[in-house]
Amino acid sequence: MSDETIANLLNEERTFPPSDAFRAQANVSDPDIYEQGRDLEKFWGDYAEGFEWFRKWDTVLEWDPPFAKWFQGGQLNITVNCIDRHLNGPRRNKAAFIWEGEPGDQRVLTFADLHREVCQAANALKSLGVKKGDRVTIYLGMVPELPIAMLACARIGAAHSVIFGGFSPDAIAERVQDSESNLVITADGGWRKGGVVPLKANTDEALRSCPTVKNVIVVQRVGSAANCKMKDGRDHWWQDLVRDQPRTCPPEPMDSEDLLYILYTSGTTGKPKGIAHTTAGYLMGTARTFEWVFDAKEDDVYWCTADIGWVTGHSYIVYGPLANGATGVMYEGAPDHPRRDRFWDIVEKYRVSLFYTAPTAIRTFMRWGDSFPNGRDLSSLRLLGSVGEPINPEAWMWYHQVIGKERCPIVDTWWQTETGAIMIAPLPGLTVAKPGSATRPLPGVDADVVDQDGNSVPLGSGGFLVLRQPWPSMLRTIYGDPQRYRDVYWSRFENLYFAGDGCKRDTDGDYWLLGRVDDVMLVSGHNISTMEVESALVDHPAVAEAAVVGKAHEIKGQGVAAFVTLRSGHALSHDMREELREHVARKIGAIARPDEVYFSAELPKTRSGKIMRRLLRDIADGRALGDTTTLADPNVVKKLRDQYESTEG
């Protein structure tokens, strides 16, 4: 984000306090809750009393930086708290999930239905030898079997590792190998813009290098269009395996700190980080923040448009809403298929009242024009949310005016895969919102903005976003690599969690997130490692060297710009540029496909041989070049800039 953009953000003077009507019915409207949150152990211990435990905890928090243990000594099962405890009252026959497939097929799962199907799937896993402590990889599209599979794993104490359905076979293999999963759940295919996503074919290719996997369960989703090949002895159709299983499955008692799931996110070294979340603290964090931030009521219909392959889907499609007994909408496909009003059609059809999406989507809807949302009845909406990246004020105002009709509070949320739950956001019945600001840390969250020495900066200043105290839903480690956990998150500042984001606090104390400060790009709200894309490029036989940076993108927030040096004998051409873009998409997934590829005989390097990515970012974003005095050959960067400007022009 440029200095000019930051200055414009912080000159934002529009404010939007909650209406009297909203405040009167809000779940949180007492400002004393922030003071209550200062006593972490009482604050979270009192809340945990409202859940079902096999054994109550001995201590609320044990903190030995950077390692935390929450509710130590307690035993529970997260599926009991997300499903079973809703079955003895009116929620039994309440919809837990309302699902719509891209072709238009529909399905409703009540909490009783969900309990039955989770138990049957859990028994199916047990029939294949899956047991407490095992890891199960799930690679599915947005179909009901995805949350069912996650909850089935949790029911029997196996940790799930969900992989986004857009990832490539190489990315799947890397994650399966790291987690040492012994079973994979996938589908014959998935629907996307009328085409078939080859989930089973990608899985088969990935598993050629994954000897730990003994069984694969395959959901039949697209049928003959997938041309699915089944391997005898390894592959099992979901419906055949699950259909006749017993309809009850006793929940496995899990220690509070037992592993619930692993979710991989990009790291600056290129190797994805297996973020490890445990059971009790994650439940408390997701359940409470869902109730607070979305002001969830018994009759709300809630729709988070994220993919469950990302943490937003884990926390705010599956665990947080279910723990609150909420009705959630799930949609399989693209927002523009078959028309650009598909999302608004779904809001109208199911009378969605709480809507949570990403700035990337909002900017896309803006570009498509007001006629699509204006052609649908959006009067059911009462609260809007934003997630994944900072939202620019123009997009915030469009969301407020066109989607919310100037009557819906907007909760702009900041959090991460690593935090597990929302950390900074307005409380919609209490907080004065500002377009572009996530406002302030939630009660029980001790955030700060510090300078490079770890000292808190005064209001009106910027720096690095950190967290000073532990929180229940925090990651516990990087799976299998506790030293990397220390190095990545706790080494920059002593005993402070460094989020990797820049931030500024205005004179009111509200937080304005400024994006990543490391070598991780935020593309459409998803972290993509520059190193990961560089590694994919160098994997191509024509590429000698590559450097990748993020560049400002009107829709995605950040796009991917690649600077490439080819090996001798390979010609610079449009075809080569497209070949490299598609190569990255195959190696990682379409989300990492470079927007631009620039060829250079050399890359700008210091005299010690380090690539000056800072200068490449200046070039990609069209800024004046920073200090070039340490370059070995200043002419290299000039030639690159000339090429860039001629291409852009």
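I began just after helix 14, where G369 takes a positive phi of about 105°; helices here (H or I, at least four residues) and strands (E, at least two) are DSSP runs, numbered from the N terminus. I note that this is a predicted model, in which local features need pLDDT of at least 70 and side-chain atom pairs count only at pLDDT 80 or more, while totals for chains, interfaces and linings use all residues. Residues are numbered from 1 along each chain as its sequence is written, and side-chain values use heavy atoms, with hydrogens and water left out.

I then looked up helix 14 itself (residues 359-368), and found that eight of its ten residues are buried, so it is largely enclosed by the rest of the structure; buried means under 20% relative accessible area, exposed over 50%, and partly exposed in between, with a 1.4 Å probe and protein chains only. The buried residues are P359, T360, A361, I362, R363, T364, F365 and W368. I listed what they pack against, with contact meaning heavy atoms within 4.5 Å: helix 13 (342-350), strand 18 (354-357), helix 15 (371-374), strand 19 (383-386), helix 16 and strand 29 (557-566).

Helix 16 (residues 393-403) I checked next, and nine of its eleven residues are buried, among them W396, W398, Y399 and H400. K405, which follows helix 16, has a positive phi near 50°.

For the sheet, I recorded seven strands in the order 5-4-17-16-18-19-20, forming an open sheet with mixed pairing, where two strands pair if DSSP finds at least two bridges between them. Strand 5 (106-110) and strand 20 (410-412) are the edges, each pairing on one side only. Neighbouring strands of this sheet are turned by 15° against each other on average, direction ignored; axes are lines fitted to C-alpha atoms, for helices over the stretch in contact, and angles run from 0 to 180 degrees between N-to-C directions. Within the sheet, strand 16 (residues 301-304) and strand 17 (residues 327-331) run parallel and are joined by three bridges, with V301 opposite T327. Helix 6 (residues 111-127) lies across strand 4 (95-100) and strand 5, at about 90° to strand 5.

Lastly I searched for disulfides (pairs of cysteine sulfur atoms within 2.5 Å), and the structure holds zero. C82 is in none, the nearest cysteine sulfur, that of C119, being 13 Å away, and C82 is buried, with a relative accessible area of 0%. C408 is likewise in no disulfide, with the nearest cysteine sulfur, that of C304, 17 Å away; C408 is buried at 3% relative accessible area.
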